Amino acid sequence: MQPAGEQDNKVINLAPVLHPPGTMQSWDFETRSQAIAPADTTGTTYDASTGEIVFTSKTSTSFQQTYTLTFKQESGQASITLVTNSALHDPATTEIELARGSHLTLQAEVASAEAVTHHAMFFKSIRTGKSFSNALYDSGSVLLTLTHQSKQIPDPRPGHDANATVNVFEYALEGKRLNRNLFIYLYDHPQEKFLMVLDRYSGYHLPGDEKAIKKLHFMSDLRVEFESARSNTRAYKHVILQSKLADIPAPEAINNNTALILNLSNSEHESEADSAPELPPGHSATARIKLPNGRDLSSVTVIHGVITLESAGNGMTVLGYALKAVTCTLSTVHADSEPPQAPGIRRQQSLGAGNIEFLEFPARTSPRIPAIRLNTCFARQLIESATPSLDPLFSKPLAAWTEPPLPADLAPHPWTCRVHTANTFVNCLSTCPGPSPITSTSNSNTRTHEHGCITCSIPAIPKPARCTG
């Protein structure tokens with residue numbers, strides 16, 4: 001075990017395991033490996049107290065199946081197919097949206113020939129008596145509008161000629177809304193009989209009614225007993241695995257013999273334990289993984305992703321894996337023994353020129369940062385000289401304009417000072433605080449410090465016109 005001071009500096013470096021294109025199809029069931037988020041250092045850390053890697057895997061998109069329910073009447077006069085891609089296990093939702101492939105089929109002899117404009121659907125379990133009113137409806141309404149398409153299909157009635165056909169009306173249900181609790185109840189009770197009542201209404205107006213407001217007239221209803229059937233149920237298991245083969249850290253064939261599940265108590269791949277019918281985006285799984293020796297450059301390859309299971313008789317079977325792999329390597333970062341220090345403002349008295357102020361960085365800062373001048377004494381000299389009149393400003397020799405230098409230990413840089421007026425300028429050499437620009441403005445006098453040069457600009461004042469008498 002390393003000393004505590006060294007353990008605090010242990011970090012994990014991550015390197016994704018890349019496979020040649022066209023290989024590892026067994027890791028990409030239904031092209032869902034892209035739904036596994038890449039491992040990152042925020043979810044992968046080193047626990048120095050136990051010498052283990054704490055590895056977290058996340059999904060970037062949801063895992064859920066397309067749910068399909070089919071209801072058929074024994075006489076073959078009617079059938080319903082309900083398909084949805086909506087999440088069923090979100091308690092915040094009260095309805096689901098039906099997807100493409102959802103339809104109601106009625107033989108022409110039982111379909112209404114009347115001018116029906118609206119419908120209402122009622123479901124009831126014959127065995128338990130549990131009922132659902134307004135089970136199927138348009139978005140934003142409690143009623144249902146249906147448009148049919150005439151078709152010919154093989155006669156589904158038992159005992160009829162296999163080559164015989166029958167005329168049916170097919171009503172598309174894509175985009176319609178279905179009571180979520182009803183769909184879950186139907187899905188949880190396969191091979192159970194249900195009564196469907198389809199009420200038919202016709203809209204009309206009375207004399208003097210507004211056209212936007214219709215009344216509904218009940219015309220008839222259709223009562224059909226259905227027996228339900230459903231598609232095979234899927235389940236999803238978020239897993240973190242490690243290869244059992246010492247010389248093959250990422251085996252192409254993943255199964256109970258080649259990969260061990262680390263994050264679940266039941267390590268059997270086909271087990272329904274710890275599985276869920278849906279995994280939302282951002283679902284996470286965490287495992288603690290022991291490194292081979294806990295020293296620098298120790299590495300381990302982690303496989304993570306989702307196993308898709310499907311009901312098969314009395315148990316579950318593995319349909320496929322959506323996986324990614326990453327190699328985790330332990331290394332040490334040597335941190336400074338001293339904490340970083342902030343710069344400070346330093347003031348120094350200059351005889352006859354005033355106080356010099358500058359920003360001073362600690363001597364141990366690497367790379368070395370020179371001091372940054374925060375003020376200038378030269379500008380005050382210009383203002384004092386120009387206050388009575390401009391003549392003293394222009395009559396002073398160059399040597400009279402001075403700027404006190406920074407202390408010698410602050411590695412000053414040379415700079416040039418130029419005084420510009422309408423008809424003259426003055427150059428003087430002093431010390432520059434560094435490359436950082438400093439700009440200040442006061443009335444019509446402007447002082448700038450840019451890339452080692454301070455420029456002071458004073459607007460020209462025109463001379464008064466000579467009086468003539």
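Predicted model: local features only at pLDDT ≥ 70, side-chain atom pairs only at ≥ 80, totals over all residues.
**Buried residues, salt bridges and strands**

User: Why is R177 called buried?
Analyst: R177 has a relative accessibility of 17%. Buried means under 20% relative accessible area, exposed means over 50%, and partly exposed lies in between (1.4 Å probe, protein chains only). The value 17% is under the cut-off, so R177 counts as buried.

User: What makes R177 and E95 a salt bridge?
Analyst: Their side chains meet at 3.5 Å, N to O. A salt bridge needs a side-chain nitrogen of Lys or Arg within 4 Å of a carboxyl oxygen of Asp or Glu. The distance of 3.5 Å is within 4 Å, so the pair qualifies. R177 is in strand β14 (residues 177-179) and E95 is in strand β7 (residues 95-97), 82 residues apart. Strands here are DSSP runs of E, at least two residues long; helices are runs of H or I, at least four; both are numbered from the N terminus.

User: Is E95 buried, exposed or partly exposed?
Analyst: E95 has a relative accessible area of 34%, so it is partly exposed.

User: How do you know that E192 and R127 form a salt bridge?
Analyst: Their closest N and O atoms are 3.2 Å apart.

User: Which class does each of E192 and R127 fall into, buried or exposed?
Analyst: E192, at 9%, is buried. R127, at 59%, is exposed.

User: Why does the pair R223 and D221 count as a salt bridge?
Analyst: The N to O distance is 3.8 Å. This too is within the limit, so it counts. R223 is exposed at 53%, and D221 is partly exposed at 31%. Salt bridges that share partners also join D47, E52 and R288 into one network. By this rule the count comes to 11 salt bridges.

User: What makes a set of residues a nonpolar core?
Analyst: A core is a set of buried Ala, Val, Leu, Ile, Met, Phe, Trp, Tyr and Cys residues, joined through side-chain atoms within 4.5 Å. The largest one has 35 residues, and I80, L82 and F183 have the most contacts inside it. Helix α2 (180-188) is among the elements that give two or more residues to this core. It gives the most, with 5 residues. Apart from this core lies another, of 17 residues, among them V239 and Y321.

User: Which residues does I80 touch?
Analyst: A contact means heavy atoms within 4.5 Å. Not counting residues up to four places away in sequence, those touched by I80 include L69, F71, F123 and F226.

User: Why is strand β3 called largely enclosed?
Analyst: In β3 (residues 52-58), 5 of the 7 residues are buried, so the strand is largely enclosed by the rest of the structure.

User: How do you know that β2 and β3 pair?
Analyst: Two strands pair if DSSP finds at least two bridges between them. Strand β2 (residues 44-47) and β3 have 4 bridges, so they pair, in the antiparallel sense. T44 stands opposite F55 in β3. Strand β20 (residues 284-290) joins β3 by 7 bridges, also antiparallel. There F55 stands opposite A287.

Conventions: Residues numbered from 1 in each chain as written. Heavy atoms only, no water.
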